[in-house]
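Subject: Structure handover

Hi,

Here is the structure you asked about. My notes on it follow below the model.

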Amino acid sequence: MITFEGVTKRYPDGTVALDDVSLECPTGRITVFVGTSGGGKTTALRTINRMVEPTAGRVLIDGRDVRERKPAELRRGIGYVIQHAGLFPHRTIEDNIATVPYLLRWNKKKARAAAHELMERVGLDPSMARRYPFQLSGGQQQRVGVARALAADPPIMLMDEPFSAVDPVVRAELQDEFLRLQDELHKTIVFVTHDIDEAIKLGDRVAVFQTGGRLVQVDAPEDLLAHPADDFVAGFIGQNRGIRTLSFAATGGLRLSEEAIRPATADAADAAALDWALVVDGDRRPLGWVRPGQVTGPLGEAPLAPLGATFRPGEDSVRAALDAAVLSPAGLAVAVDGGGAVLGTAGGADLLAVPTHGFPGDDPVEGPAPAGDPAPADAPVKGGAGD
Ligand SMILES: Nc1ncnc2c1ncn2[C@@H]1O[C@H](COP(=O)(O)OP(=O)(O)OP(=O)(O)O)[C@@H](O)[C@H]1O
């Protein structure tokens, strides 16, 4: 656990970068510092590894004041990743990654073997080990930066806008891999970003800083979205607060319909009452959508419109399912099981009827499903309610 106790940082020119900040960053979890530019996020991060010394207050790691430890020794137990990766340009990738192991006087062979293993972990082909940073893309360089920070297996990682310098697609990939890695490693991570979407996606807890170094709110992302502490936080979260909240609404209790599902062998005439039919193969795998009224013969032989995205009930959020519904020509999200077989479909109204988390007066996610539908997602019933 990293603990900030009344931490204030006033620079000699009078700038107050942190104003009496108290907060806890739990062990094994990701705490994200987010907020306006100049809000003190980087300053707060750097007080943890003593790159910045507070004017007042103290920072503790597992109950021990960081000032009791020599900076060099302290930093060996704290990985540090920055924007643009900050790699040494004249060192190969493997030697960049092995920076701290070399400092710890590991022998070269062991350090390089560890570097290669880490390259695989962060999604880099070890054949790149002998390249130099300029021979890598921005996203690859960021991966090297993460691998380098992980090299001595520090319990704590400080990450200052590590994914900001890459394009949105690469950024999303890096975020996903970072979350997967954290699932395995359970580091105590403090992550700085100015991007609220990144904060919500990555943070177990999100700390919002305002100009003047004031910590305005610390909460789980879903609570931050549901209950912003003040107008500043509400404004910072932005206009899509409701839609973002759906990222935390579970689809587990969703009622699914069988109504639109037809085998490929079904005759179009028998499905003529349907505006759109979802055609499935003998294993109930989805083949595509068709308008039965506009074709003749077996549905599977008609030209099919692409499926769009599917979702996994209980695994994917309501937001993902709504996305699937919007992308489907029929306006219906197709629910599939782990093997890809169709469990049923759900329309936008069904999805929005799922209780979201945390709004005053809402049922909890685990609460009873809306009355009137025959079965929950894991037990779809033939002929159930349609869209
Ligand atoms: N060495 C310094 N001397 C004087 N003022 C400083 C120094 N370093 C930072 N500051 C000021 O402290 C305040 C907080 O800076 P900090 O970099 O922590 O903010 P931030 O929230 O990380 O901002 P950004 O998102 O723009 O990186 C800013 O007003 C900044 O100008």
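The chain averages a pLDDT of 85, and 91% of the residues score at least 70. pLDDT is the predictor's confidence in each residue, on a scale from 0 to 100. This is a predicted model, so local features need pLDDT of at least 70 and side-chain atom pairs count only at pLDDT 80 or more, while totals for chains, interfaces and linings use all residues. Residues are numbered from 1 along each chain as its sequence is written.

Confidence

Strand β1 has the highest confidence in the chain, at 97. Helix α11 (residues 241-245) has the lowest, with a mean of 75. Over residues 357-387 the pLDDT is below 50. That stretch still has 67 contacts in the model beyond near neighbours in sequence. A contact here is a pair of residues whose C-beta atoms, placed from the backbone, lie within 7 Å. Where pLDDT is low, the predicted coordinates should not be read in detail. The model scores ipTM 0.95 and pTM 0.73.

Overall layout

The chain has 13 helices and 16 strands. These are DSSP runs numbered from the N terminus: helices are H or I with at least four residues, strands are E with at least two. The C-alpha atoms fill a box of roughly 80 × 50 × 30 Å, taken along the principal axes. Domain 1 covers 2-248 and domain 2 covers 250-387. Those bounds come from an automatic or database domain assignment. The domain centres, taken over C-alpha atoms, are 40 Å apart.

Of the 387 residues, 40% are buried. Buried means that 20 or more other C-beta atoms lie within 10 Å of the residue's own; exposed means 12 or fewer, and partly exposed is in between, with C-beta atoms placed from the backbone. Among contacts with a separation of 6 or more, 62% join residues 24 or more positions apart.

The ligand shell

Which residues come nearest to the ligand? They are Tyr11, Ala17, Ser37, Thr42 and Thr43, out of 14 around it. A residue counts as near if its C-beta atom, placed from the backbone, lies within 6 Å of the molecule or strand in question. The shell divides into 3 nonpolar, 9 polar and 2 charged residues. In this scheme Ala, Val, Leu, Ile, Met, Phe, Trp, Tyr, Cys and Pro are nonpolar, Asp, Glu, Lys and Arg are charged, and the others, Gly among them, are polar.

Helix α1 (residues 41-48) gives the most to this shell, with 3 residues. In α1, 6 of the 8 residues are buried, so the helix is largely enclosed by the rest of the structure. The buried ones are Lys41, Thr43, Ala44, Leu45, Thr47 and Ile48. Arg50 follows α1 and has a positive phi, near 65°.

Gly40 sits in the loop between β3 (30-35) and α1. Gly40 counts as buried, with 28 C-beta neighbours inside 10 Å. Leaving out residues up to four places away in sequence, Gly40 touches Ala17, Leu18, Phe209 and Gly213.

The strands

An open sheet is formed by 4 strands in the order β2-β1-β4-β5, with antiparallel pairing. β2 (16-25) and β5 (64-65) stand at the edges with a single partner strand each, so one side of each has no neighbour in the sheet. Strands pair if DSSP finds at least two bridges between them. β1 (residues 2-10) and β2 pair in the antiparallel sense over 6 bridges. Val7 has Val21 in β2 as its bridge partner.

Next, strand β8 (residues 188-192). Is β8 mostly covered or exposed? β8 is mostly covered, with 5 of its 5 residues buried. Thr188, Val190 and Val192 point one way, and Ile189 and Phe191 the other. β8 runs parallel to β3, joined by 4 bridges. Ile30 stands opposite Ile189 in β8. β7 (residues 156-160) also pairs with β8 in the parallel sense, over 5 bridges. There, Leu158 has Val190 as its bridge partner.

Ala152 lies in the loop between α6 (138-150) and β7. Ala152 is partly exposed, with 19 other C-beta atoms within 10 Å. Its contacts, not counting residues up to four places away in sequence, are Arg76, Val100, Pro101 and Leu104.

Best wishes

Definitions and conventions:
Two residues are in contact if their C-beta atoms, placed from the backbone, lie within 7 Å.
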